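Visitor: Could you walk me through this structure, one question at a time?
Guide: Gladly, let's look at it together.

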Amino acid sequence: MIHVVKTNVNTPTPVDAIINTLLSKDKLRASININPPKDGGKAPDLQAIKSALKSKNINFGINEKLLEEISDTPLYNTNIVIAKGSKPISGKDGEYELLFNVERDLKPKVKEDGTVDFYNLGIVENVEKGQQLCTITPPLDGKDGMTVTGDPIPFKPGKSAPYLLGKNTKYNEDNTAILSTIDGQVSFSTGKINVNEVFTVSGDVSSNTGNIKALGSVTIYGAVQPGFTVEAKGNIEVNGNVTSATLKAGGDIVLRGGLIASNIYCEGDIA
């Protein structure tokens, strides 16, 4: 009797592990996901993993240590982040610092002896020609980023400090400071630094303003109340009465109201 032994002529073909490479939309992360080998196929080795990354142009931020660990102990059917790019670092905006008081506290000051000073409230911010009014810091560069495919990601540049030049001001030679071009009174309004030759008082010189001492000229649309002093390097013009007060001018004094029991000093004319 003859026995026939059947053999499987359809022996499965070995299938090597398949290394799938995944790239994030922003190209800042690359992952691999390995399909396991079948029927005796080859597990992924280090060279195979590197070849898979190279085929997708992944060449930056690769975790070499992790590559070796995966090749020694493969992890299948799992997304593994294998490379990370670097995000760009934005530049720093330019800055400025004002070197004078913007908001003035015109409240009476309490002296060391406990008395209250209603006269010297510091309403006028005097500056001299050439005086530094503001410092300016230029914008600083940031740092480019890099995708895992080696493409640079430009950084966002910082903005320059705002343009602050107003009346009678200028930049220094390297644009890192703003200077006054005259003797006068400095102010900051509508985003500009201005130095005015004339300090204007819209009402009376009184306990609401305190004494006035200006390097430029002074124009007062009201009166000068008793006990108060107005000093100016330039001219003084008063539209109201001057009563029991003191006026000192390096230029002319123009009085459009009455003058009652007051002290007047000027180096120019009195009109």
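Visitor: Which strand is joined to β11 by three bridges?
Guide: This is a predicted model, and in it β11 runs antiparallel to its partner. Within that pairing, Lys170 has Leu179 as its bridge partner. The partner strand covers residues 177-180 and is β12.

Visitor: What is the order of the strands in the open sheet of four?
Guide: The pairing in this sheet is antiparallel. From one strand to the next, the twist averages 20°. The order is β4-β8-β12-β11.

Visitor: How are the rings of Tyr163 and Tyr171 arranged, stacked or edge-to-face?
Guide: A search of the whole structure turns up one aromatic pair, formed by Tyr163 and Tyr171 with ring centres 6.1 Å apart. Planes over 60 degrees apart count as edge-to-face. The planes here stand at 65°, so the pair is edge-to-face.

Visitor: Is Tyr163 buried or exposed?
Guide: Exposed means over 50% relative accessible area. Its ring partner Tyr171 has a value of 25% and is partly exposed. Tyr163 has 54% relative accessibility, so it counts as exposed.

Visitor: Which residue lies over the face of Tyr265?
Guide: For a charge over a ring, the cut-off is within 6 Å of the ring centre. Here the distance from the ring centre is 5.8 Å, and the residue is Lys248.

Conventions
Residues numbered from 1 in each chain as written. Predicted model: local features only at pLDDT ≥ 70, side-chain atom pairs only at ≥ 80, totals over all residues. Heavy atoms only, no water. Pairing = 2+ DSSP bridges. Helix = DSSP H or I, 4+ residues; strand = E, 2+ residues; numbered from the N terminus. Axes fitted to C-alpha atoms, helices over the stretch in contact; angles between N-to-C directions. Phe/Tyr/Trp six-rings, centres within 6.5 Å; stacked < 30°, edge-to-face > 60°. Buried < 20%, exposed > 50% of the residue type's maximum accessible area, 1.4 Å probe, protein only. Lys NZ or Arg CZ within 6 Å of the ring centre and 35° of its normal.
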